Amino acid sequence: MKFFVDTAEVSDILELDKLGLVDGVTTNPSLVKKSGRDFIEVIREICEAVAGPVSAETVALDYEGMLAEGRKLGQLASNIAIKVPLTWDGLKACRTLTEEGRMVNVTLCFSANQALLAAKAGATFISPFVGRLDDINLDGMELIRDIRTIYDNYGFETEILAASIRGANHVSEAALAGADVATCPPAVLKTLASHPLTDKGLAAFLKDWEATGQKIV
Ligand code: E4P
């Protein structure tokens with residue numbers, strides 16, 4: 001499974017990239033607002049920092065507007081994935097931008113039928129929002145499983161990018177459900193290493209080691 005980092009904070013991306021954890025980056029308008037950075041400037045910087053796909057989201061609602069924004073974003077770097085919303089115009093823009101040879105991430109997916117349409121429109125990535133479905137008492141992970149089944153049934157190559165990941169359980173469940181990518185906030189990626197039994201075991205080993213009076217170096 002690939003890990004994308006869901007942030008526009010360059011320092012977080014660089015820190016995780018040093019560990020080899022960053023296969024790509026996703027951003028959205030809310031994350032850009034949170035960073036306080038200029039959109040174009042921060043996207044350029046992220047694209048230089050990582051080799052994998054960097055999703056940058058269009059904000060126009062109509063096909064022509066999405067194309068104009070998508071083409072501008074696509075010129076920033078070769079690793080840009082243009083993010084368009086899962087609307088009728090978004091699907092049309094996805095088809096055109098894909099035919100122009102660009103990576104497209106279709107975002108705000110909340111149903112299997114939407115994911116089917118995105119794959120038929122040639123999307124590179126489909127972003128089902130797991131956490132936001134859970135928020136309204138639906139099963140976000142069931143959507144990942146359904147999309148996996150449908151894509152496998154018909155051999156669609158669109159990658160399933162599990163988005164709106166809220167915690168460690170979402171990551172392992174998305175991996176078990178066959179998502180190709182999980183895009184995680186930096187804090188979630190960091191929690192993946194934590195386990196109380198690891199901490200407890202380490203404390204016991206160190207106590208016993210101290211009692212031996214030995215040193216390794
Ligand atoms: C990423 O592509 C999505 O925009 C992001 O994961 C949404 O996460 P949220 O639902 O926590 O805002």
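The model is a predicted one. Its protein chain contains 11 helices and 8 strands, and its C-alpha atoms fill a box of roughly 70 × 40 × 30 Å when this is taken along the principal axes. Of the 217 residues in the chain, 46% count as buried.

**Ligand site**

- The residues surrounding the ligand are Asp6, Thr26, Asn28, Lys83, Phe129, Arg132, Ala163, Ser164 and Arg166.
- Asp6 has a side-chain N or O atom at 2.6 Å from an oxygen atom of the ligand, while a polar side-chain atom of Ser164 lies 2.7 Å from a ligand oxygen atom.
- For Arg166, the corresponding distance between an N or O atom of the side chain and an oxygen atom of the ligand is 3.1 Å.
- The ligand exposes 340 Å² when taken alone, and the protein buries 85% of that area.

**Salt bridges**

- Side chains of opposite charge can pair when their charged atoms come close, and the structure holds 12 salt bridges.
- One of these salt bridges joins the side chains of Lys2 and Glu159, with a distance of 2.7 Å from N to O. Because Lys2 belongs to strand β1 (residues 2–6) and Glu159 to strand β7 (residues 159–162), the pair ties together parts that are 157 residues apart in sequence.
- Lys2 itself is partly exposed, since its relative accessible area is 31%, a value that falls between the 20% limit for buried residues and the 50% limit for exposed ones.
- Lys83, which is among the residues surrounding the ligand, forms a salt bridge with Glu57, and the closest N and O atoms of this pair are 3.4 Å apart. The pair links distant parts of the chain, with Lys83 in strand β4 (residues 80–85) and Glu57 in strand β3 (residues 54–57), 26 residues apart.
- Both Lys83 and Glu57 are buried.
- Arg166, another of the residues around the ligand, forms a salt bridge with Asp135, in which the closest N and O atoms are 2.9 Å apart. This pair also links distant parts of the chain, as Asp135 is in helix α7 (residues 130–135) and Arg166 is in the loop between β7 and α9 (168–176), 31 residues apart.
- Asp135 counts as exposed because its relative accessibility is 51%, whereas Arg166, with a relative accessible area of 44%, is partly exposed.

**Helix α6**

- In helix α6 (residues 112–120), the buried residues are Ala112, Ala115, Ala118 and Ala119. These residues cover an arc of only 115° around the axis, and they therefore lie on the same side of α6.
- Asn113 and Lys120 are exposed on the other side of α6.

**Nonpolar surface patch**

- Trp209, Ile216 and Val217 make a nonpolar surface patch of about 410 Å².
- Within this patch, Ile216 is placed in the segment after α11 (196–212), and Ile216 is exposed because its relative accessible area is 75%, where over 50% counts as exposed.

Key: Residues numbered from 1 in each chain as written. Predicted model: local features only at pLDDT ≥ 70, side-chain atom pairs only at ≥ 80, totals over all residues. Heavy atoms only, no water. Patch = residues over 30% accessible without salt bridge, like charges linked within 9 Å, V, L, I, M, F, W, Y side chains within 5 Å. Areas by Shrake-Rupley, 256 points an atom, 1.4 Å probe, with all protein chains shown as cover. Salt bridge = Lys/Arg side-chain N within 4 Å of Asp/Glu carboxyl O. Helix = DSSP H or I, 4+ residues; strand = E, 2+ residues; numbered from the N terminus. Buried < 20%, exposed > 50% of the residue type's maximum accessible area, 1.4 Å probe, protein only. Near = heavy atom within 4 Å. Polar contact = N/O pair within 3.5 Å; in protein donor to acceptor, adjacent residues only side chain to side chain. Arc of directions from axis to C-beta.
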